[in-house]
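Biologist: I'd like a close look at one part of this protein. Please take me through it, then show what surrounds it.

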Amino acid sequence: MPDKERTLFEKNQSILKDYTFKLWDNESITDILPKSEIIENFVSYATAQKKWAFISDLIKVIALVKFGGWAIDADNEIVAPLSPFERMHWVSGFELWNGKYAPITAVWGAIPYHRFSLWMLNHYLVQTPEHILSMPNTRWISQAFIDAGIRIDNTRQYLDVFDVEIFPSQVFCGPPLPEQTVALHHFSASWV
């Protein structure tokens, strides 16, 4: 893990003292990956292409399906407790990237086997590895949210069809606002 991400990981652990952290690595992912030829083919293809962030995205989805909790990319800094969001079934927020808002960020919280987490997992099961690696997951997730009626206006919204709560960018991404921000995304764009 690069120094910046290791520092953020340690800081996040100090902020979220009551949480159990699981760092998925090459060895531990075998504990979580389902026995599925489709999943194994995707991981093999992404590995051959050295698209590590895409494998990480899949692991986040599988972890949320199986365990629930929070999936946080390594380039995120938690600056306040996540407890205000623990009663929500599936939560994320807008992110601002290259001057555009997308209704998903690198911080996801969910209950186990939530319908949207299962929907995302199904995407990996029905799309080809080539298709999945052709775009960051924020693009296809954002499109699903747009198709479900979300407005790209950086406001708090609830999508009933997916049972998903989306917050303004300052909550889970930045720029920081006092008493609102719980996470800051220090974009490393490792998917590029």
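How many of the 16 residues of helix α4 are buried?

Modeller: This is a predicted model, in which local features need pLDDT of at least 70 and side-chain atom pairs count only at pLDDT 80 or more, while totals for chains, interfaces and linings use all residues. Residues are numbered from 1 along each chain as its sequence is written, and side-chain values use heavy atoms, with hydrogens and water left out.

Now the helix. In α4, 12 of the 16 residues are buried, so the rest of the structure largely encloses it. Buried means under 20% relative accessible area, exposed means over 50%, and partly exposed lies in between (1.4 Å probe, protein chains only). Helices (H or I, at least four residues) and strands (E, at least two) are DSSP runs, numbered from the N terminus.

The buried residues of α4 include Phe 54, Leu 58, Ile 62 and Val 65. Asp 57 and Lys 60 are also among them. An α-helix has 3.6 residues a turn, so residues three or four places apart point the same way.

The length of α4 checks out. Its 16 residues should span 22 Å at 1.5 Å a residue, and the end C-alpha atoms are 22 Å apart, which agrees. The expected span is 1.5 Å times one less than the number of residues. After α4 comes Gly 68, with a positive phi near 70 degrees.

Axes are lines fitted to C-alpha atoms, for helices over the stretch in contact (heavy atoms within 4.5 Å).

Strands pair if DSSP finds at least two bridges between them. β3 (residues 90-93) and β6 (residues 107-110) run antiparallel and are joined by two bridges. Within that pair, Val 91 stands opposite Gly 109 of β6.

Next, the core. A nonpolar core is a set of buried Ala, Val, Leu, Ile, Met, Phe, Trp, Tyr and Cys residues joined through side-chain atoms within 4.5 Å. The largest one has 38 residues, and Phe 42, Leu 58, Trp 90, Trp 108 and Phe 145 have the most contacts inside it. Elements giving two or more residues include α3 (37-48), α4, β6, α5 (115-126) and β8 (164-167). α4 gives the largest share, nine residues. A second, separate core of 13 residues includes Ala 80, Met 88, Phe 167 and Ala 183.

Beyond residues up to four places away in sequence, Phe 145 touches Pro 103, Ile 104, Phe 116, Ile 150, Leu 159, Phe 162, Val 164 and Ile 166.

One contrast ends the tour. Asn 98, in the loop between β4 (95-97) and β5 (100-102), is exposed, with a relative accessible area of 65%. The C-alpha atom of Asn 98 is separated by 28 Å from that of Leu 64, one of the buried residues of α4.
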